[in-house]
Amino acid sequence: MVLKRFFIVALLLVLSAIASACSASTSSKEAVKGNEENAKNVEIKLENIEYQLPSKSAGAEEGQLGLKIDFSLKNNGEKSVNVSESDFELYSNDMKLESYDPENYKEGFSGTSVAAGKKINGSLFYIVDKGNKFELIYIVQSFIEGVREEKTIEFEIDGSDEKILKTAEKLQDPSKSVQAYIDVFYYGKDNPNFEKWTGDNKEENLRAFDESLMKALTGPSLVGEVDEAGLKNLITVMRSAMHEKVPAKIVTKSISKDTAIVELTAKPLEAGVLKPIVEEKAQDFITSSPNASELDLQKFAFKTMTDEFKNVQPSDEDVTIELQLKKVGDDQWKMDNDYKNEDFSKPFINFE
């Protein structure tokens, strides 16, 4: 019973404790060249351009981004003008690009009627390849004596402009935050940007992480003194192994207002192979030392696990999870405690 109780604590609670511990708008006028003069009394100006993460329904290929174009349109004529999203077309290398609806449908522009002398603002969204040059065309349609007439207003947009490119860099800020959590809690690294990226206090969070692990191991399933030194040494070795053998791929999948979804993929260490090894050696220890205390068994088992952990290898298969983060400041994203992020440990270590 002592041996069985130990493995419930040492194997299952370690996993649960680790899992629960971590329980921009840029002006682009310099990048735009175009005709802002009236064309049939319609005046258009591009106010802001930035890269975004395309919505899940956009059908973007891997590596592609969304391009959000904010514009203003003023009707200088004497009659109302109907304006729709289909009046705009974006081209790159003479190829027409696909538009898409943003995650927040209220941000999109479907169409409206602009009364004489009035001005509207709207946003257009297109799937693009980062860094290309683009041409936005607005087609002005009018009827003169029953004959349809079309004129265009054209704008050139430099997608490689430094200000626009910075909006693409900011899209991965939530991923940087997740990397900081991983470095400190799973890899045992001192990430100097932890507080800058997460808004969390590094020392307090690391202490809480380790305390939650120790409390789990000294819970009702384990009575008496705990081999804290042996346990801390095991955790150190586990972190070192994860750092060495479990590189993580982290990608921000979506950002909606102050919420971000980050996808985390890695091949976890298959630590379950330790169980029969430690069980066999612990049984031999009990046989050869019948008067050993439970603390003695703990010390032996933790040392055995520590010694054997160097042989643990990562899985052949990727494990992918999604984490939710909340924006807490400029460029700062914090793990959302109201979201079920208890699977955080799964891409790193598997005790089953």
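Asp 94 sits in the loop between S5 and S6, where strands are DSSP runs of E with at least two residues, helices are DSSP runs of H or I with at least four, and both are numbered from the N terminus. The phi of Asp 94 is near 65°, a positive value in a residue other than glycine. This is a predicted model, so to speak of a local feature here takes a pLDDT of at least 70, and side-chain atom pairs count only at pLDDT 80 or more, while totals for chains, interfaces and linings use all residues. Residues are numbered from 1 along each chain as its sequence is written, and side-chain values use heavy atoms, with hydrogens and water left out.

Asn 93 is found in the loop between strand S5 (88-92) and strand S6 (95-96), and its phi is near 55°, again a positive value in a residue other than glycine. Most residues other than glycine have a negative phi, and most peptide bonds are trans. The cut-offs are simple: buried means under 20% relative accessible area, exposed means over 50%, and partly exposed is in between, using a 1.4 Å probe and protein chains only.

Zooming out, the secondary structure of the protein comes to 8 helices and 16 strands. Of its 352 residues, 45% count as buried. The accessible surface comes to about 18,800 Å², and carbon and sulfur atoms account for 46% of that; the areas come from the Shrake-Rupley method with a 1.4 Å probe, and for residues only the protein chains shown count as cover.

Helix H2 (residues 162-169) has two sides to look at. Ile 164, Thr 167 and Ala 168 are buried in this helix. Seen down the axis of H2, the buried residues fall within an arc of 105°, so they line one face of the helix; the arc is that of the directions from the helix axis to the C-beta atoms. Over on the other side of H2, Glu 162 and Glu 169 are exposed. Ile 164 has a relative accessibility of 0%, so it counts as buried. The C-alpha atoms of Ile 164 and Gly 131 are separated by 8.8 Å, with the two residues 33 apart along the chain. At the start of H2, a side-chain oxygen of Asp 161 reaches to within 3.0 Å of the backbone nitrogen of Lys 163.

How do helices H6 and H8 pack? Helix H6 (residues 228-245) and helix H8 (residues 294-308) pack at an angle of about 15°, and their axes are 9 Å apart. That makes H6 roughly parallel to H8, and their crossing is left-handed. Helix H7 (residues 274-288) also packs with H8, at an angle of about 140° and with the axes 10 Å apart. H7 and H8 are therefore oblique to each other, and the crossing of this pair is right-handed. For these values, axes are lines fitted to C-alpha atoms, for helices over the stretch in contact, and angles run from 0 to 180 degrees between N-to-C directions. Angles under 35 degrees count as roughly parallel, over 145 as roughly antiparallel, 65 to 115 as roughly perpendicular, and the rest as oblique. A crossing is left-handed if the near helix is turned anticlockwise from the far one by less than a right angle, and right-handed if clockwise.

Two strand residues make side-chain contacts worth a look. Thr 252 is found in strand S11 (residues 249-256) and counts as buried at 3% relative accessibility. Its side chain makes a polar contact with the side chain of Ser 175 (2.7 Å). A polar contact is a pair of N or O atoms within 3.5 Å; within protein, one must be able to donate a hydrogen and the other to accept it, and residues adjacent in sequence count only if both atoms are side-chain atoms. Gln 52 lies in strand S2 (residues 42-52) and is buried, with a relative accessible area of 16%. The side chain of Gln 52 makes a polar contact with that of Glu 50 (3.3 Å).

Back in the loops, Lys 267 is found between strand S12 (259-266) and strand S13 (269-270), and counts as partly exposed at 34% relative accessibility. Lys 267 and Glu 317 are 50 residues apart in sequence, yet 5.9 Å apart in space, C-alpha to C-alpha.
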